[in-house]
Amino acid sequence: VSAGKYIATANSSTQASCPQGTYKGSHTVTYGNTSSCSSCPTNYDDGAGATSQAGCKWTVPGGKYIASANATSATSCAAGKYKASHTVSYGGTSSCSSCVAGTYSLAGASSCTNCSAGTYSVTGGTACFNCEAGYYCPAASARQTCPSGYTSDAKATAQSNCYISVAGGKYLGTANSSTTSSCAAGKYKAA
């Protein structure tokens with residue numbers, strides 16, 4: 001009898017497919033006898049006609065993973081990690097992935113949530129934090145440092161929010177530079 005099939009009726013050569021949640025390797029059935037499929041392990045009951053126990057599959061819900069081979073229960077992803085719904089074969093394992101910088105998750109998440117503009121998170125973040133002075137934080141991004149010599153107010157969202165303070169009598173001669181020059185004799189620049 002072919003793998004994934006069985007003989008349901010004595011004195012018959014008709015092979016039936018193993019139902020969902022069962023498996024059977026290739027085997028021999030003597031005339032007048034029947035055969036049956038074996039049940040897949042707990043939770044590994046997705047799919048029909050498996051040819052071996054390793055062919056038994058489990059559709060693991062999002063936010064969970066299979067920590068060890070042959071496990072019959074799923075483990076929730078830790079905060080800062082995620083896992084979408086996925087299929088694992090008996091004997092296999094799966095794992096959660098870390099959220100990238102600019103995103104975060106709570107425990108048991110199937111995806112990460114973007115941080116809003118003016119906030120940030122680190123890789124594996126469990127929350128978003130307000131962007132500090134001297135940095136800017138675009139939406140769903142890592143925290144960025146203002147250019148050398150420049151600062152920003154807290155919760156800045158773009159590099160254009162970075163600024164430099166220039167003392168009276170001084171000016172910036174080149175855009176995006178942090179080098180100041182003194183005003184020429186007879187010229188002035190208020191602070």
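Mentor: Let's start with a term: a charge sits over a ring if NZ of Lys or CZ of Arg is within 6 Å of the ring centre and within 35 degrees of the ring normal. This is a predicted model, where local features need pLDDT of at least 70, side-chain atom pairs count only at pLDDT 80 or more, and totals for chains, interfaces and linings use all residues. Residues are numbered from 1 along each chain as its sequence is written, and side-chain values use heavy atoms, leaving out hydrogens and water.

Trainee: How far is Arg143 from the ring centre of Tyr135?

Mentor: Arg143 has its charged end over the ring of Tyr120, 4.9 Å from the centre. Arg143 also lies over the face of Tyr135, and there the distance to the ring centre is 4.1 Å.

Trainee: Why is the pair of Tyr44 and Tyr90 edge-to-face?

Mentor: Rings of Phe, Tyr and Trp (its six-membered ring) pair if their centres lie within 6.5 Å; planes under 30 degrees apart are stacked, over 60 edge-to-face, and the rest tilted. The ring centres of Tyr44 and Tyr90 are 5.0 Å apart, and the pair is edge-to-face because the planes stand at 90 degrees.

Trainee: Is Tyr44 buried or exposed?

Mentor: Buried means under 20% relative accessible area, exposed over 50%, and partly exposed in between (1.4 Å probe, protein chains only). Tyr44 has 0% relative accessibility, so Tyr44 counts as buried.

Trainee: Which residues form one aromatic cluster?

Mentor: Tyr44 and Trp58 make an edge-to-face pair, 5.2 Å centre to centre with 75 degrees between the planes. Tyr44 also pairs with Tyr90. The one cluster is made of Tyr44, Trp58 and Tyr90.
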